Amino acid sequence: MNRFWSILFFLVPLLGTGTFLMAAWGMAPFQGAWLPENYSVAGKTIDHLFYLLCWISALIFIGTGIVIGWVLWRYDHRRQQRAHYFSHNFKLEMVWTIIPAIILVFIAFYQMNAWAETKMIRPTIMQNGQAVTKPPMVLVMAKRFGWEFHYAGPDGLIETADDDYIENELVLPIDTDIVLQLETRDVIHSFFVPQLRVKQDIVPGMKQFMWFRATSTAEMEIACTELCGWGHYTMQGRLRLVTPTDYQAWLAERRQRQTPPMNPEQEETGTDQAKPE
Amino acid sequence: MSDMSTQLETASKGRSGNPILRFLGSYVFSTDHKIIGLQFLFSSLIWFAIGGMLALAIRWQLAFPWSDMPIFGPTLFASEGGQIPGVFYNMLFTMHATIMIFFVIIPILSGAFGNYLIPLMIGAEDMAFPRLNMFSYWFMWPAFACMIGSFFMPGFGPTAGWTSYPTLSLITGDAQNLWILGLIFVGISSMIGSINYMTTILQMRAPGMRMFRMPMTVWALFITAILQAFALPVLTAALFMQLSDRILATGFFAPEAILVNDTTSISGGGEPLLWQHLFWFYSHPAVYIMILPAMGMVSDMLSCFARKPLFGYRPMVYSLTAIAGLGFVVWGHHMFVSGMNRILAISFMVSTMLIALPSGIKVFNWLGTLWGGRLYLTTPMLFSIGFVSMFIIGGLSGIVMAAPPVDIQIHDTYFIVAHFHYVLFGASVLGVMGAIYFWYPKMFGRMMNETMGKIHFVLTFIFLNGTFFPMHFLGARGFPRRYADPYRFEEFQDLLPLNQFITLCAFLMGAAQLIFLVNFFGSLFWGRKAGRNPWNANSLEWSAPSPPPHGNFDFQPYVYRGPYEYSHPGREDDHWPQVESAEAPDSQEIPSPTA
Ligand code: HEM
Ligand SMILES: [Cu+2]
Ligand SMILES: [Cu+2]
């Protein structure tokens, strides 16, 4: 019977890592149950970190699993006349303190940059020979239960009277540093696009900024990931990533419908329209 | 049942008169730590059943969204045609989590096992403050009333999640007030309990019971009590602030007057993130409150059934202490993307990496305890090994989430759900079940059935993994938690079959608990009689009669050695109870032979 238990416990890491690999390779029945396709530059780093942590975990998982399986196999009371009487082993304990400590410190430092880039160092633009933080391109206004996307009007600035706003559809250019300013009209929401590996909670009374650079055109969904009430699951937005030229065309078309017709100077992608904060 | 009646007699010895009063005195308003422990045990098990049903209802909705709910649907939601409305789903996960955390795991670990075991394991007659102890149980009842009452409030009940973040929690229905009151009462109960445990452990140990001769169970309960005493006041303050925001419009957590749906308004001047800091300042230590006692009990069971000294007793104690201390400075890992200062996130990441270290050391020490042992794979032993095996998964996924860039993707998805169910169900609940099988003979004087126990274990173990492991994949994909209907999103539609598989496993896991139920109650009557020490264990409680009478010991316990002297080379017997005289050095004091 101890063989049965030994195998059962050893199956945990075996099936665990096995199914992980199946999911990562998209094998049935786990096809699609893995990181979705990535469309952002920072997403590559995040995926890399995720895989790295998975591999480290898998090694520890299998290692400890082998020990549990072996111990149950070998040290059953029917095979073992008497337990070995020992209660510590200084060298061994040092090893299993120091090696994990090194791994953890490595992990801690290894991913600091990725965090800094995705959340701390905002893209800059040159203005009068000086690098200044890039102004937001779209104001994302979350509310129960939907999204408003405010694009700059003819004045090229968001949060002004001439803003052009669209419900639940966000159009953005690829290959451009995109900065979004996020605010909420009521409770906490969270802006999440799995394919871009971006997520940011939006807190009442605060302005949040989020930035990323998309790599190829696609359409995807925007989800709210902070509980906001009965319709939380209905807070669905659409994101269309288009080429910068298509983006210009789309903007122009939007503005066509607005009066007065805008100054072509300001009709830029918005990317280089600097405004000191 | 005769054991119960002897217990009744012994418990009420010295009191006479009206039998009803006597019954009330010995079972209801008892000051005996064992009876109070059993009261906590039974009420937690009842709440466990309720919380489990809520979980199955959640799973039902995720597998068959908006389909008619069986049994409950037609009666509860006749107006909606048997369907559950979205806000009802929010109630389900809010109440499931609240019940499991505050009414099952915390009270069963600290309340039931803490009460039952501490005096017995340190050789005391009772707790330091028996009457206070009784109050600690009776403060649970107003909390029970609040929770049950909140189900019947308009709007189905509390719906803001167990984390109850403002400003949502300021505008949900009045049931939220009852939710807050309920948690305040639970807090008072735990606070009273923790003061009692600390005093008892520090002051009431039997002669010879040095701190470093205490079993890990007692150490863990001691450190848990300290955690509770320091963390609970913060939660209590935060809960009062939220209550006054809701009732008096004080606006501690609301930045500006907010109109929601043009109806509700709350006044401003506050800060929503303040709640999150206060809440997690309590709730991260709380996750350790929910596992340290289980770690302690598992350490004792592993050593007993490996017939071997616990590997690294002192490092185990130190790592418990380190976990408890560091546990106070990691709360920000729940808030990486909350809008909190983004530089601060890095320091929380570093402290979280640090706390993984003592957790890892504990795992290695458990494996070291098994290595070279003479293993008896009894039901409690299987649950204990299951605990270790599942805790490894939960700890590893913890490290994955502790990396803030990765957490961006998986925060508030099913990955988080997978993580905390591995640590809370996989580890804590398996540990608790092992502990019930282990101490049942002490509590009731009879053994539980081993065959049924093993079947219960194997089914629970298989289906728990079937339920929670695939959730990691869902989370990586971005599948959000707390969604009544994720399949409105095109991108999540193909995940329906996997969710149905999870639901199937969850229902089978629920069904497996019926075996436990039958075993538990059946063994009260038909279980094999247990002597004082059915497992040949060392710690003090096994030297007392089963069940122990009022006052616990029928002799004056004197403690000669630590609790882990199994298979001592100088002795034929493979165990050496702490109370047995004849001097011999502690295993901790002999030089280490190389293993
Ligand atoms: C190695 C040790 C651990 C590490 C590194 C760790 C790390 C984390 C992190 C980073 C999160 C936040 C994830 C997010 O929301 O994005 C988290 C959530 C959580 N952890 Fe752990 N954890 C550990 C052990 C535990 C233990 C032992 C328990 C309980 C017994 C636990 C219970 C929870 C719970 C309940 C949550 C989710 C709370 C919620 O959002 O509702 N964790 N953990
Ligand atoms: Cu939402
Ligand atoms: Cu935490």
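This is a predicted model: local features need pLDDT of at least 70, side-chain atom pairs count only at pLDDT 80 or more; totals for chains, interfaces and linings use all residues.
In which helix of chain B is B:H419 found? B:H419 belongs to helix 17 of chain B.

1. The iron atom of ligand 1. The protein supplies a single donor to the iron atom of ligand 1, namely NE2 of B:H419, at 2.1 Å. A polar side-chain atom of B:H419 also lies 3.0 Å from a nitrogen atom of ligand 1. The iron atom of ligand 1 and the copper ion (ligand 3) are separated by 4.5 Å.

2. The surroundings of ligand 1. There are 21 residues around ligand 1, of which B:W162, B:D407, B:H411, B:H419 and B:R481 come nearest. Two side chains may be noted for their distances to oxygen atoms of the ligand. For B:D407, a polar side-chain atom lies 2.5 Å from an oxygen atom of ligand 1. For B:R481, an N or O atom in the side chain is 2.8 Å from an oxygen atom of ligand 1. Two or more residues of the shell come from each of helix 11 (272–289), helix 15 (379–402) and helix 17 (414–444) of chain B. The most is given by helix 15 of chain B, with 6 residues.

3. The copper ion (ligand 3). Three histidines of chain B are the protein donors here: B:H284 through ND1, B:H333 through NE2 and B:H334 through NE2, lying 1.9 to 2.0 Å from the copper ion (ligand 3). Along the chain, these donors follow the spacing H-x48-H-H.

4. Are B:H284 and B:H333 buried or exposed? B:H284 is buried, its relative accessible area being 4%. B:H333 also counts as buried, because its relative accessibility is 16% and the cut-off is under 20%.

5. The copper ion (ligand 2). In chain A, the copper ion (ligand 2) is coordinated by SG of A:C224, O of A:E226, SG of A:C228 and ND1 of A:H232, at 2.1 to 2.8 Å. The sequence spacing of these donor residues is C-x1-E-x1-C-x3-H. A:E226 is buried, with a relative accessible area of 4%, and A:C228 is buried at 0%.

6. Geometry at ligand 2. Why is the site of the copper ion (ligand 2) irregular, with 4 donor atoms? The angles among the 4 donor atoms are 83 to 136 degrees.

7. An open sheet is formed by 5 strands of chain A in the order 5-4-3-7-10, with mixed pairing. Strand 5 (164–167) and strand 10 (208–213) stand at the edges; each has a single partner strand, so one side of each is left without a neighbour in the sheet. On average, neighbouring strands of this sheet are turned by 25 degrees against each other, direction ignored.

8. Strands 3 and 7 of chain A. Strand 3 (residues 138–143) and strand 7 (residues 177–184) of chain A run parallel and are joined by 5 bridges. A:L139 stands opposite A:Q181 in strand 7 of chain A.

Definitions and conventions:
Residues are numbered from 1 along each chain as its sequence is written. Chains are lettered from A and ligands numbered from 1 in the order in which they are written. Side-chain values use heavy atoms; hydrogens and water are left out. Donors are N, O and S atoms within 2.8 Å of the metal (3.2 Å for Na, K and Ca); water is not among the atoms, so sites may look incomplete. Four donors count as tetrahedral if all angles lie between 85 and 135 degrees; four count as square planar and six as octahedral if opposite donors are over 155 degrees apart and all others between 65 and 115; anything else is irregular. Buried means under 20% relative accessible area, exposed over 50%, partly exposed in between (1.4 Å probe, protein chains only). Two strands pair if DSSP finds at least two bridges between them. Helices (H or I, at least four residues) and strands (E, at least two) are DSSP runs, numbered from the N terminus. Axes are lines fitted to C-alpha atoms, for helices over the stretch in contact, and angles run from 0 to 180 degrees between N-to-C directions. A residue is near a molecule or strand if one of its heavy atoms lies within 4 Å of it. A polar contact is a pair of N or O atoms within 3.5 Å; within protein, one must be able to donate a hydrogen and the other to accept it, and residues adjacent in sequence count only if both atoms are side-chain atoms.
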